[in-house]
Amino acid sequence: MRRVWVRELTGWLAALGVSVIIAGQVSASARSELLFRDGDSLIVAMFARSVIAGGPQDWAMSSVLFLPESAAFAGLDALLPLDVGALLAMSAVVNLLALYGALRLVAGRRREGRAPVAWSLIALVVFGLLAATEISASRDALELASLQLTTTYYAATVVGVVLSIGLVRRVLDRDRGHAGLLFALGAVAVVSTLTNPLYAVWATVPLTIYLLFALRLSTQKKRMPILLAVLVGGSVLGLAGRIPFGAWIANTGAGYAQPALWPQSAQYYGGLLADRLSSPLGVIGCLLTLALLVGALVRMTRAEDAGSRLVATIAWLMPVLVVVGAIALGTHAARYLQPVAFAPVLALVAAPLTPRMPRRASRAAAAVATVLVVVGGALSEPRLAAAADAPDADLVCVTDWVSASGRTGAGQFWTVRLPKLHLDDPAQLVQVDHQLSGYAWLVNRHDFEVGEVSFLVEDSQTVQWQLPLAVVPAEVVDCGRYRILDFDDTTLPLGPPHS
């Protein structure tokens, strides 16, 4: 028993090193813009810090509530004396560690002839290689693995999906003692669907299709209906649990489905794929994903037990269903296709067989891998810290001026969110549209109660203002990429908020 715990602990420590390496590599690329500064990427930090600070909470969320992500960020913020950038970097590492834990669950229990810890680490490394091939700053690129490092783009949902697959596998692998596993599966389904309905698309639908098909062929016919009931029932309860949060959900997501636009959707995703294939790293990433999909098909045909067959089949079935569904519904968002990045990796843990090699060679390989992880982690930590704490004189110029003014100003979504997050009092900057109406999207609507502002923050992403009053600023403050239009004693009324 002691050797088992040592092995598992070693796996977690190695996963920590690998996670730091992955996060360091991604943060050293242009992708760091998405991790630390992009307007969409900051909602979890803004929400968690607002809850910790107390005060009225009247948030306008998207269809995603970010509950697990916000809880994790708030926990890190409460425990660690770090600034926002460092907390976002820590969150990236934690998200990867959580993915390792889910992969370890999928790999199954340790038994003779199997090495689930080693193969779970290999799966995490391969996922990291996919993330390392993604180097653009665009949130709309077909670069899906690196989204797991952000706090915004469904990291908790990815972990929840992988956990669900692992729990179903564990039920299929065991002869008895399923109650705890079934309860855990139901809980994961409830929480995941509550916070993000995409769980139902990514996990519930593919697993339901597989279990219905397996019901006809499997010898474990009694378990399949129970698994189906728990999975589907948990998803339904999660959807029902969203009702009390209705006032916070500014967009249910139903409008994103436009089946009549499927040709445009196919063209859109095809264009993203072409862009991905236009660079050498993109080609490498796509070839690696293709190899994993082929490996999943091979593992499926050679599976020796129900659990291995489930994981191998889901590894290719889930990406296919998600891509087909995204096109059929006429969607236009690369982030919906994240199973294309993480699901094929599951093929590596479908049947985690111990490699046949001499014991001396096996120990040597483990020693070399350990050295690489330790050295790589040690070298990557400064890179991650440097990216998180990268000096931004323009941002400091804005936050210092706003704080010193003691007044309330406004800015548009893509411009104002980063300065707003870094202020001691985020309510000093109100999120508005170009006509100065409150823009209630991923923000606390309590901010709008101020009613008027006396300065505006703008940058290259700001749409030309159409102000309600014909006024000119008393002063224009130059803050590098930002400009502050200071109207001094003149106040501008805010229009009615909208999302």
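Visitor: How much space lies in the second largest cavity?

Guide: Rolling a probe the size of a water molecule over the atoms shows where empty space is left. On a 1 Å grid over the protein atoms alone, a cavity is a set of points where a 1.4 Å probe fits but cannot get out. Grid points are joined across faces, edges and corners, and the volume is the space filled by probe spheres set on the points. Here, the second largest cavity holds about 30 Å³. This is a predicted model, where local features need pLDDT of at least 70 and side-chain atom pairs count only at pLDDT 80 or more, while totals for chains, interfaces and linings use all residues. Residues are numbered from 1 along each chain as its sequence is written, and side-chain values use heavy atoms, leaving out hydrogens and water.

Visitor: Which residues line the second largest cavity?

Guide: Lining residues have an atom within 4 Å of a point. In this cavity they are Phe127, Leu144, Ala145, Gln148, Val158, Gln338, Ala341 and Phe342. Six are nonpolar, two polar and none charged (Ala, Val, Leu, Ile, Met, Phe, Trp, Tyr, Cys and Pro count as nonpolar, Asp, Glu, Lys and Arg as charged, and the others, Gly among them, as polar).

Visitor: How many cavities of 30 Å³ or more does a search of the whole structure find?

Guide: The search finds two. The largest has a volume of about 40 Å³, and its lining is made of Leu99, Leu103, Phe127, Val162, Phe342, Val345 and Leu346. That lining has seven nonpolar residues, with no polar and no charged ones.

Visitor: At what angle do α12 and α13 pack?

Guide: Two packed helices are described by the angle between their axes and the distance between the axes. Axes are lines fitted to C-alpha atoms over the stretch in contact, and angles run from 0 to 180 degrees between N-to-C directions. Helix α12 (residues 280–302) packs against α13 at about 145 degrees, with the axes 8 Å apart. Leu293, Ala296, Leu297, Arg299 and Met300 of α12 are in contact (heavy atoms within 4.5 Å) with Arg309, Ala312, Thr313, Ala315, Trp316 and Pro319 of α13. Eight of these residues are nonpolar, one polar and two charged.

Visitor: Which residues of α4 and α5 meet?

Guide: Phe73, Leu76 and Asp77 in α4 meet Leu87, Leu88, Met90, Ser91 and Val94 in α5. This contact has six nonpolar residues, one polar and one charged.

Terms used. Helix = DSSP H or I, 4+ residues; strand = E, 2+ residues; numbered from the N terminus. 1 Å grid on protein atoms, 1.4 Å probe; cavity = no way out; pocket = protein on both sides within 12 Å on 5 of 7 lines; lining within 4 Å.
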